[in-house]
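User: I am new to this structure and would like to learn how to read its features one by one. Please give the general idea each time, then the case here.

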Amino acid sequence: MAGAKANQPKGLIEQHISMQHFDLTMVMPSTSLARVVANYWLIEWDLDIGKAYKQVNLPHASQHLVIDPQAQSGVFGITSGAFSYDLEGKGRIFGVKFHPGQFRRFTQHQMNSLTDNSVPISSYFDVDDTELLETFLSAKKCVDFAPTVETLLLARSIDRDAKADQAQDIVAFIQENREIYDVATVAQRFHLSPRTIQRLFADYIGVSPKWVIERFRMIEAIETLNNSSSVSLTELAHALGYFDQAHFSQAFKRLTGRRPSEIDLPKI
């Protein structure tokens with residue numbers, strides 16, 4: 001069953017402030033699901049009466065299964081832009097992050113039809129959505145719910161899918177090689193045409209390869225800002241492949257609603 005804790009996520013804007021408002025735990029899946037599931041994530045919070053907090057995140061190239069008693073449970077496609085969540089009172093959320101390309105194994109449709117959208121969990125799995133939510137609410141500890149979800153996922157036949165694996169490998173290559181700024185370079189590395197990769201991503205990832213390249217650049221920017229008390233935005237812009245700071249700031253603001261100069265840096 002689910003095992004060791006996973007590494008902390010990337011893409012939380014002003015993470016040093018975020019962690020003052022909620023607890024985040026990430027757990028690795030069992031060996032049987034390791035190729036399909038990246039991790040299980042659990043968020044719990046207990047804010048004082050009258051206090052609220054809005055968390056803004058940059059999404060990764062993954063679909064998520066989410067149990068959320070406060071808002072909406074379901075299977076969520078990739079959010080094309082930054083997304084936010086309002087925390088108040090006391091609550092908790094359980095989620096499953098699938099590896100890029102791997103949720104396609106559970107569906108009969110292309111992943112781009114799920115982008116910026118969500119559907120009930122019962123659309124893909126043999127479960128009563130209300131009963132699943134009640135089981136989560138009855139769990140004494142949020143982390144204790146992971147075996148229930150593992151059983152749900154393993155009840156489905158999960159055959160190997162060469163295209164899902166290929167899509168995952170391409171996304172990993174983009175993530176690990178930050179000097180990549182165009183689809184042509186990726187296509188050359190995998191001996192595919194740019195058009196073939198675009199079709200593969202529409203089917204298995206849900207967004208374009210250009211979106212993935214740009215998103216990892218922005219996540220890298222967020223991580224730099226999260227882990228530095230002083231940042232040269234000009235140097236950061238050049239390191240991420242932008243022509244100058246102005247172009248980087250414009251791209252950052254389009255996605256997050258704020259310029260990088262407006263992000264609160266940690267006191268390190």
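Analyst: Start with a polar contact, meaning a pair of N or O atoms within 3.5 Å; within protein, one must be able to donate a hydrogen and the other to accept it, and residues adjacent in sequence count only if both atoms are side-chain atoms. Here the side chains of Arg-105 and Gln-102 are joined by such a contact of 2.6 Å. This is a predicted model, in which local features need pLDDT of at least 70 and side-chain atom pairs count only at pLDDT 80 or more, while totals for chains, interfaces and linings use all residues. Residues are numbered from 1 along each chain as its sequence is written, and side-chain values use heavy atoms, with hydrogens and water left out.

User: Is Arg-105 buried or exposed?

Analyst: Buried means under 20% relative accessible area, exposed over 50%, and partly exposed in between (1.4 Å probe, protein chains only). Arg-105 has a relative accessible area of 12%, so Arg-105 is buried. Its place is in the loop between β7 (90-98) and β8 (118-119). Helices (H or I, at least four residues) and strands (E, at least two) are DSSP runs, numbered from the N terminus.

User: Which residues is Arg-105 in contact with, leaving aside its neighbours within four places in sequence?

Analyst: Contact means heavy atoms within 4.5 Å. With those neighbours left aside, the residues in contact with Arg-105 include Arg-35, Val-36, Asp-161, Ala-164 and Asp-165. Two of these names return in helix α4 (residues 162-176): Ala-164 and Asp-165 are among its buried residues. At the start of α4, a side-chain oxygen of Asp-161 comes to within 3.0 Å of the backbone nitrogen of Lys-163.

User: How many residues does α4 have, and what covers its buried ones?

Analyst: The expected span of a helix is 1.5 Å times one less than its number of residues. Helix α4 has 15 residues and reaches 21 Å from its first C-alpha to its last, close to the 21 Å expected. The cover over its buried residues includes α5 (183-189), α6 (194-204) and α7 (209-226).

User: What is in helix α6?

Analyst: Asp-203 has its place there. Asp-203 counts as buried because its relative accessibility is 15%. Leaving aside neighbours within four places in sequence, Asp-203 is in contact with Arg-104, Gln-110 and Met-111.

User: What lines the largest cavity?

Analyst: On a 1 Å grid over the protein atoms alone, a cavity is a set of points where a 1.4 Å probe fits but cannot get out, and lining residues have an atom within 4 Å of a point. Grid points are joined across faces, edges and corners, and a volume is the space filled by probe spheres set on the points. The structure holds 1 cavity of 30 Å³ or more, and the largest cavity has about 40 Å³ of space. Its lining is made of Ile-174, Asn-177, Arg-178, Ile-180, Ile-213, Phe-216 and Arg-217. Helix α7 gives the largest share of that lining, 3 residues.

User: Where does a positive phi occur in a residue that is not a glycine?

Analyst: Most residues other than glycine have a negative phi. His-191 has a positive phi of about 55°. This residue lies in the loop between α5 and α6, and His-191 is exposed because its relative accessible area is 72%. Asp-116, in the loop between β7 and β8, has a positive phi near 60°. At 48% relative accessibility, Asp-116 counts as partly exposed.

Note on methods:
1 Å grid on protein atoms, 1.4 Å probe; cavity = no way out; pocket = protein on both sides within 12 Å on 5 of 7 lines; lining within 4 Å.
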